[in-house]
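User: I would like to learn how to read a few features of a protein model, one at a time. Could you take me through them slowly?

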Amino acid sequence: MPDPILSIRDLTVEFNTEDGIVQAVTDVSYDLMPGEVLGVVGESGSGKSVSMLSILGLSPQGRIPKGEAVYKGDDLLKMSQKQLRDIRGGDMAMIFQDPMTSLNPVLTVGNQIVEALLTHNEGMKDSEAEKRAIELLEVVGVPSAERRIDQYPHEFSGGMRQRAMIAMSIANNPSVLIADEPTTALDVTIQAQIVEVLKAAREETHAAIVLITHDLGLIAELADRVVVMYAGRVVELSDVFTIFNEPRHPYTVGLMNSLARLDADQEWLQPIPGQPPSMIAPPPGCAFHPRCTFSRGRVPCRTDVPELRQIGDSAPHKTRCHYAEELAEAQVVAGAAALEEGR
Amino acid sequence: MTERAPGDDTRAHDREDVSITAFSAGQPASAHGNPGSVAVPEEPIAPLSPALAMGSSELGEVPAADLIAYQAGVEPKARSQWAYARIRFFRHRLAVVSLIVLTLICLVAIFAKRVAPYGYDELDLFNITSPPTTTDKHLFGTDLLGRDYLSRVIFGLRTSLWVAFFVAFLSTAIGTTIGSLAGYYGGATDNLLMRFTDLILTLPGLAVLLTAATFFGNGDPLKVGLILALLLWTGIARIVRGVFLSLREKEYVEAAKASGAGDARIILRHMLPNALGPIIVNTTLIIAAAILIEAALSFLGFGIQPPNPSLGTLIDDGQGEGFEKWWLVTFPGLVIVTIALCINFIGDGLRDALDPTQRRVRA
């Protein structure tokens, strides 16, 4: 196996709030391999965005009491502001959720791409940067790029803005691209286009992509491996086929069941009962147990935080459930069809 | 409809830049049929109907994509936020008139030496305190020493305006710097800078002004301006801090951070342009305030010292002379009022123009 390009170990992120300390991310560990697409799935507030933002130093309110994020041999969390700045937008770039608000309204789109280029390429000429910006816009499929480069964000539609955002993020040939819910704020028709653009961006840069989303369709479409997060912890981790075919955590199973599918004979969608837990006072034991239809209130679920452990013996597949084997026996086949549909 | 004039390169080139916008504004490219001359858009003519445009052969050169854009009417003219602001400003009639008047006044002040019929200290001993007259050579009359009052007002205007713009520029610079640093960094920096601002605000303005003017002023316009600026920046600092506090949370600022931009770049390039609206409006208001305060200061004898005229000094000179020498107070007074009014109207217009919530449908 090749060395991971980004390796997160025991990352914990806390926020001080008026009601007490919120542990948004707890002991999160995962690796990102060069060139792969790693899907990070979870509900709002499960810590999926915060974990990525905090390792880039973009979460100023968050404290990181422990953990490390090793990028090409160096711990991002120990870097100086200056070193981090060089990495942000250079080697590691981000695509934000809402393209309507992520572009500066007073600068032209071209200006913003050129700026991204000039920030990381000292001595690059303005004319060169502009040429490159046009190329980039063409890569992401913005028509008549030479003309649109002088336009302002408000003259772009949502989909075009997200394309421009993606062009900006790949401007410096990053080796890690963090896409934070890149399609959430877009129309369904546009989402499909953006998926294609993401693929094009990946082809252009060969970057490893961290795809943060709660859209399982997007995961099925793009991801190679999947990390499922719940209440700040990784609850399941495996390759995309295994996750969809053999989910081994009740939360993942619940996610699959709450998905509307064209191929299954579903009368009703099966939602996960209950609410995501309060992060100020998370439930003891397994954070998912109050909502778990599988635990049935058994003692270990209520008292012990389950370990993230390897399950099965074929593919690398980790889950954080006391009764994963029992779940396997229960013959959950929920994901299989979705996967076929997606690919 | 005639053919496009051969060799009509400029138009073809124009099209590259403005592309289809010329059409959507109702300008059929060569439909004026004026071979050899470039059809300069004058008033927007009624839009050429899409059907007609499609049928006409001279549109063959238009790139297909543009044609589609035109048909669907989805290609609005490229306008920056500033372009919209300009359009909105020019709709504000009072502000436009004020701008014209103020520009004229400024021109008079700038070219005072050429405009003024006499020097500000030239004595005409045959015409001491002569009233204003249109027939004689002293339009505004003369003062107690026989100096032409029109010239004195013009030179006084020059001094006052100079001080006002200097104060506005300097206090905006100080206020914006302090406000943006406080708003951007927050926390202890914010606390320190804002408490300092509060401190300046709590100083009894007039007393400090008078004391400072006595000790450092010496009637030098530069020093008077400096003292004023050091007291007037607080308002802008607070406003800029507020704007920066809200801008800091904007996603494009986060995006800029994520793309590796440093603090200076984020403040100067991403946040400051977005805060310019309120800054400009308040700067104009500071100009008005500075003129009034400088006049008051000079009137009290602590500002600009004679023989240098300023509008305030002139009123001071005239105040003891009573009603029969009314022109000594009236003319500089009128000029002060006019300037202050104009600037306030311009400020109003700017506020309306720069406030995005005021934005109407595309004009």
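User: Which two strands form a hairpin with two residues between them?

Analyst: Strands here are DSSP runs of E with at least two residues, helices are runs of H or I with at least four, and both are numbered from the N terminus. In this predicted model, local features need pLDDT of at least 70 and side-chain atom pairs count only at pLDDT 80 or more, while totals for chains, interfaces and linings use all residues. Residues are numbered from 1 along each chain as its sequence is written, with chains lettered from A and ligands numbered from 1 in the order in which they are written. The hairpin is formed by E9(A) and E10(A), and A:Ala231 in the turn has a positive phi of about 50°.

User: In which sense do E9(A) and strand E10 pair, and over how many bridges?

Analyst: Two strands pair if DSSP finds at least two bridges between them. E9(A) and E10(A), the latter covering residues 233-239, are antiparallel and share six bridges; within this pairing A:Leu237 of E10(A) stands opposite A:Val227. E9(A) also runs parallel to strand E3 (residues 37-41) of chain A, to which four bridges join it, and there A:Leu38 has A:Arg225 as its bridge partner.

User: How many residues of strand E9 are buried, and which residues lie on each of its faces?

Analyst: In a regular strand, side chains alternate between the two faces of the sheet. A residue is called buried if 20 or more other C-beta atoms lie within 10 Å of its own, exposed if 12 or fewer do, and partly exposed in between, with C-beta atoms placed from the backbone. Six of the six residues of E9(A), residues 225-230, are buried, so the strand is largely enclosed by the rest of the structure. One side carries A:Arg225, A:Val227 and A:Met229, the other A:Val226, A:Val228 and A:Tyr230, and both faces are covered.

User: Is A:Asp10 buried or exposed?

Analyst: A:Asp10, which lies in strand E1 (residues 6-17) of chain A, is exposed, because it has 11 other C-beta atoms within 10 Å. Residues are in contact if their C-beta atoms, placed from the backbone, lie within 7 Å. Leaving aside neighbours within four places in sequence, A:Asp10 is in contact with A:Asp27, A:Ser29, A:Lys66 and A:Gly67.

User: How do H8(B) and H14(B) cross?

Analyst: Two packed helices are described by the angle between their axes and the distance between the axes. Axes are lines fitted to C-alpha atoms, for helices over the stretch in contact, and angles run from 0 to 180 degrees between N-to-C directions. The axes of H8(B) and H14(B) come within 8 Å of each other and cross at roughly 140°. By class, their contact has 15 nonpolar, six polar and one charged residues, where Ala, Val, Leu, Ile, Met, Phe, Trp, Tyr, Cys and Pro count as nonpolar, Asp, Glu, Lys and Arg as charged, and the others, Gly among them, as polar.

User: What covers the buried residues of H15(B)?

Analyst: Helix H15 (residues 311-319) of chain B has eight of its nine residues buried, and what covers them includes H8, H14 and H16 of chain B.

User: How many residues of chain B are in contact with chain A?

Analyst: In chain B, 20 residues are in contact with 28 residues of chain A, and H13(B) gives the most to that side of chain B, with six residues.

Key: Two residues are in contact if their C-beta atoms, placed from the backbone, lie within 7 Å.
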